[in-house]
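Please load the model in your viewer and keep the selection panel to hand. The stops below are taken one after another.

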Amino acid sequence: MNYINMTYDEACHHAPIEEPARQYYFIEYCKALLDKLKEVAEKETFTFHLATFGCQMNSRDSEKLQGILEAIGFEETDSEEADFVLYNTCTVRENANQRVYGRLGHLNSLKQKNPHMMISLCGCMMQEEEVVAKIRKSYRFVDIIFGTHNIFKLAELMAERLQKKKMVVDIWEGTDRIVEDLPTDRKYPFKSGVNIMFGCNNFCSYCIVPYVRGRERSRSSKDIVDEVKKLSKDGVVEIMLLGQNVNSYGKNLEEPVSFAELLTEIDQIEELKRIRFMTSHPKDLSDELIEAMKNSKKVCRHIHLPLQSGSSNILKAMNRSYTKEQYLVLVDKIRAAMPDISLTTDIIVGFPGETEEDFLETLDVVKKVRFDSAFTFVYSKRTGTPAAKMECQISDEAVKNRFDRLLKEVKLISSEMCRRDEHTIQEVLVEDINDPARELLTGRMGNNVTVHFKGDSSLIGKTVNVYLDESKGFYYMGTLRP
Ligand code: 5AD
Ligand code: SF4
């Protein structure tokens, strides 16, 4: 096929309708256009820089975007002085948006120096109408904008931009489509995220995710199991099953499958050593799941169980569908089944109407549960969510005071909890070089805590036994054991 002389409209006409074949067609088309550009620019390579903000979902999406960019022929670079710069954005908190606008100014100055540079924005922030309107108006140098539902289309959008030479904007309001089998490039050869579902139906009153990621859609269990098998044949020993609320997996499938059933099926895949999952909503964490975890050797002893608030009144206003007492009962049930479980959480401080008494309830839960670690957030008002319209937004001063008190407590407890495995031998998956000068490696235990120890980089990707010499608060120093 002679792609070079084809206009974008002709390419659209020739491209297969069905996916992923259509995208493979556009990857080849972009490759030809890029080769031509290289000649014009007298450059041997065109580089890309991909910056990812936000959660594990975005990280996984970025691996897919990276796979497409590499298939087109771009080479990765750490520097933003690249020919294609892509920001995969997050919008959970307002300050994330501000950071992106700040960085765009800098990108514009780089673009002045490189006539071939393209700037692209995608991800959650682009699903907000005001954001796209602002970029169209004030950041006209941006080349491609797309959202969360159509990341698989990157090659097609790039082809349009290269040929039509004007800003391309493609935002979908929602989708029930899941495009499988596009190229991906994993950050680590030995571990990978695997999407099991997309979107969220919970509408917690502070949260923008259901608006930017759409309604819950589960992938078929067959597609998931096939992907995990393929990954494990390719050397992956640890997978992280990803969804905004994994415990409601499978409810909208033609033949419903529970998350516990999916976990049990994945557990049978021989080459796989570790299974993790993220995130669990306390209202949906079933006894069946606790039982499945308990009976599995591969599912890591770690649950991320966002609390958000310890006050039943605030939880109600947050639309979380559980009370303080129900959360504590759930924790007891999990710990009774798996005493060595590591529990981590997310907590928001300063939700509208939060009183000092409400905050003390949160502190009380923190002290009772003793989380291994907790991500603490200051409430951020997100336009379009019900909480943004609530009265009694809390003063900055009160929020800061509560946030500092919470953080102090969380840090103290997590350093005590981390110490509980000191002087034991633990199985560790070696992930990276920590400090080349001291020949230190970094590995991760099943409970997600890291350990640094002396060893050779050939161990990366392998599971080894490590003696935990000393807890350093949130990580360990250890010694490799035969
Ligand atoms: N303000 C502050 N934190 C928020 N989160 C979600 N929305 C907001 C918001 N508007 C936090 C929640 C969630 C985590 C991913 O981000 O704690 O679990
Ligand atoms: Fe947001 Fe709640 Fe859905 Fe989590 S469960 S993504 S906090 S709406």
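Begin by selecting ligand 1 together with V92, R93, Y206, C207, P306, Q308, D346, I348, F377, Y379, S380 and R382, the residues around it (a residue is near a molecule if its C-beta atom, placed from the backbone, lies within 6 Å of it). This shell comprises seven nonpolar, two polar and three charged residues, where Ala, Val, Leu, Ile, Met, Phe, Trp, Tyr, Cys and Pro count as nonpolar, Asp, Glu, Lys and Arg as charged, and the others, Gly among them, as polar. The model is a predicted one, in which local features need pLDDT of at least 70 and side-chain atom pairs count only at pLDDT 80 or more, while totals for chains, interfaces and linings use all residues. Residues are numbered from 1 along each chain as its sequence is written, with chains lettered from A and ligands numbered from 1 in the order in which they are written.

Next, select the open sheet of three strands, ordered β7-β10-β11 with parallel pairing (strands, E, at least two residues, and helices, H or I, at least four, are DSSP runs numbered from the N terminus; two strands pair if DSSP finds at least two bridges between them). Because β7 (191–195) and β11 (274–278) stand at the edges with a single partner strand each, one side of each is left without a neighbour in the sheet. Strand β10 (residues 238–242) is joined to β11 by five bridges, and L242 stands opposite M278 in β11.

Finally, select helix α9 (residues 259–267) and helix α10 (residues 287–294), whose axes come within 8 Å and cross at roughly 15° (axes are lines fitted to C-alpha atoms, for helices over the stretch in contact, with angles from 0 to 180 degrees between N-to-C directions; residues are in contact if their C-beta atoms, placed from the backbone, lie within 7 Å). The contact is made by F259, A260, L263 and T264 of α9 and E288, L289 and A292 of α10.

Conventions:
Two residues are in contact if their C-beta atoms, placed from the backbone, lie within 7 Å.
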